[in-house]
Amino acid sequence: MDKVTIGRWVFIDLPALDLENVRAKVDTGAYRSSLHCEFIEEFERNGEIFLAIQTTDMRGAPIGDHPVALKQEGIVAVRSSNGEVQRRPVVLLPVELGGREYVTEFTLTNRQDMKFPILLGRKFLKESFVVDVSLDDPTEEE
């Protein structure tokens, strides 16, 4: 399959969370992708750990009518851009981009102080995408 060229940000869909046309920052410096999430509640089902998550917009307003349950795939240590190390839960989510569906890992964290609710990291990008930073970035026009 040919790689798709994308710019510094893209619009994606996360069908498992009923999210469409969400702006995601392409971050070649991040290993995993990251999703803004303010509400996370852990519970156990059949010996496995699940997370009930409620996604919110960047102002903190809930998106959707109720939390969504996702299987926790693990917990990883992530060094943020300010050097702080956080332990974050990891979930697998399908991502729709450019008419194709991909499944990738997302860490869950509060990104309320950031411009973008989602970062797409190298683990997602490496197989299917080429990043061209010369493509127009409409966020600079805002």
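In the predicted model, K71 and E48 are paired in a salt bridge whose closest N and O atoms lie 3.3 Å apart. The pair connects distant parts of the chain, with K71 in strand 7 (residues 68-71) and E48 in strand 6 (residues 48-54), 23 residues apart. Both partners have intermediate accessibility: K71 is partly exposed at a relative accessible area of 33%, and E48 is partly exposed at 36%.

In total, 3 salt bridges are counted. E105 takes part in a salt bridge with R32, where the closest N and O atoms are 2.7 Å apart. This pair also links distant parts of the chain: E105 belongs to strand 10 (residues 100-109), whereas R32 is in the loop between strand 3 (19-26) and strand 4 (33-36), 73 residues apart. E105 has a relative accessibility of 18% and therefore counts as buried, the limit for that class being under 20%. R32, with a relative accessible area of 23%, is partly exposed.

E105 also forms a salt bridge with K123, with an N to O distance of 3.2 Å. Because E105 lies in strand 10 and K123 in helix 1 (residues 122-125), this pair ties together parts that are 18 residues apart in sequence. K123 is partly exposed, its relative accessible area being 29%. Through shared partners, the salt bridges join R32, E105 and K123 into one network.

The largest nonpolar core comprises 26 residues, and those with the most contacts inside it are I12, L14, L35, F106, I118 and L120. Several elements each supply at least two residues of this core, namely strand 2 (9-14), strand 3, strand 6, strand 9, strand 10, strand 11 (118-120) and helix 1. Strand 10 is thus a contributor to the core and also the element that holds E105. For I118, the contacts beyond four places in sequence include the core residues I12, L14, L35 and F106. Further contacts of I118 are made with V22, R23, A24, K25, S34 and R111.

L97 is located in strand 9 (residues 85-97). With a relative accessible area of 10%, L97 is buried. Leaving aside residues up to four places away in sequence, L97 touches V10, F11, I12, Y102, F124 and F129. I12, one of these partners, is also contacted by I118. The C-alpha atoms of L97 and V4 are separated by 9.9 Å, although the two residues are 93 positions apart along the chain.

Two residues were examined for their backbone geometry. Most residues other than glycine have a negative phi. D18, a residue other than glycine, has a positive phi near 55 degrees. D18 is situated in the loop between strand 2 and strand 3 and is exposed, with a relative accessibility of 70%. N46, likewise not a glycine, has a positive phi of about 55 degrees. The position of N46 is in the loop between strand 5 (39-45) and strand 6. At a relative accessibility of 78%, N46 counts as exposed. Each of these residues thus lies in a loop between two strands and exceeds the 50% limit, so both are classed as exposed.

Definitions and conventions: Residues numbered from 1 in each chain as written. Predicted model: local features only at pLDDT ≥ 70, side-chain atom pairs only at ≥ 80, totals over all residues. Heavy atoms only, no water. Helix = DSSP H or I, 4+ residues; strand = E, 2+ residues; numbered from the N terminus. Buried < 20%, exposed > 50% of the residue type's maximum accessible area, 1.4 Å probe, protein only. Contact = heavy atoms within 4.5 Å. Salt bridge = Lys/Arg side-chain N within 4 Å of Asp/Glu carboxyl O. Core = buried A, V, L, I, M, F, W, Y, C linked by side-chain atoms within 4.5 Å.
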